[in-house]
Amino acid sequence: MNGQEFLGKLLEYYQSSFDIVRPFETECGSFDAYAAFNVTSAKYVLIKKAQLWQAKCYEHAFFSCVTKMDGDALHKFRQQIIDYIEPELVRKGQNCTEKDHMYTYITGIFLCEEGISTQERQAVRKFRFFKNYRFGIRGYAEARLLVFDLKNHKIYGNRAAKELVKGYGKIFQEGF
């Protein structure tokens, strides 16, 4: 199975909860697909006007099919987070996130057809992007990174994506 075929199967799981754009073009580059998700939770007493608290949570997932995983792809993704994704999609062009923002996950998913080297696996594990807004009062943004090794049928992720690796393992096995 090649990367585009697996991407189609993977997006089937996303389409029930995420808004999907395929392909997705930005000023900083392009992705094979983009999926956006948001949820708002609130607690109120008796009527909705008597609201005690509210929390807004977001996820932006970016999908790329690559022949071979290399350090340039990771560097380019980090630069896209810094230049476009975090300021435009997370903060929406403002100095800080909106009121009641709890967290935003920026998930990069790479579908690698020819495997991944040991050096690149270590680079994936060490990949980190984390940003607090107003000392955590306005929430945080964190990057999660997943690499699907289609040749060897393995999944690799950074520390923030530890739970995703377990969950996607089931989907990955069903895909083959």
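## Cysteines

C65 is partly exposed, with a relative accessible area of 21%, where buried means under 20% relative accessible area, exposed means over 50%, and partly exposed lies in between (1.4 Å probe, protein chains only). C57, by contrast, is buried at a relative accessible area of 7%. The model is a predicted one, in which local features need pLDDT of at least 70 and side-chain atom pairs count only at pLDDT 80 or more, whereas totals for chains, interfaces and linings use all residues. Residues are numbered from 1 along each chain as its sequence is written, and side-chain values use heavy atoms, with hydrogens and water left out.

With a disulfide taken as a pair of cysteine sulfur atoms within 2.5 Å, the count comes to zero. C57 is in no disulfide, the nearest cysteine sulfur being that of C96 at 15 Å, and C65 is likewise in none, since its nearest cysteine sulfur, that of C112, is 10 Å away.

## Nonpolar cores

A nonpolar core is here a set of buried Ala, Val, Leu, Ile, Met, Phe, Trp, Tyr and Cys residues joined through side-chain atoms within 4.5 Å. The largest such core has 29 residues, and those with the most contacts inside it are F62, M69, F77, I81, I85, I106 and F110. Helices (H or I, at least four residues) and strands (E, at least two) are DSSP runs numbered from the N terminus, and on this basis β4 (33-44), β5 (51-66), α2, β6 and β8 each supply at least two residues of the core. The largest share, eight residues, comes from α2.

Apart from this core lies another, of 19 residues, which includes F6, F63, L146 and I155. Returning to I81, and leaving aside residues up to four places away in sequence, its contacts (heavy atoms within 4.5 Å) are with E86, P87, I106, F127, F129 and A143.

## Backbone features in loops

The peptide bond from R22 to P23 is cis, with omega near -15°, and P23 is found in the loop between β1 (19-21) and β2 (24-26).

Positive phi values in residues other than glycine are found at D100, where phi is near 70°, and at H153, where phi is near 60°. D100 belongs to the loop between α2 (71-90) and β6 (101-112) and is partly exposed, with a relative accessible area of 24%. H153 lies in the loop between β8 (140-149) and β9 (154-157), and at 39% relative accessibility H153 also counts as partly exposed.
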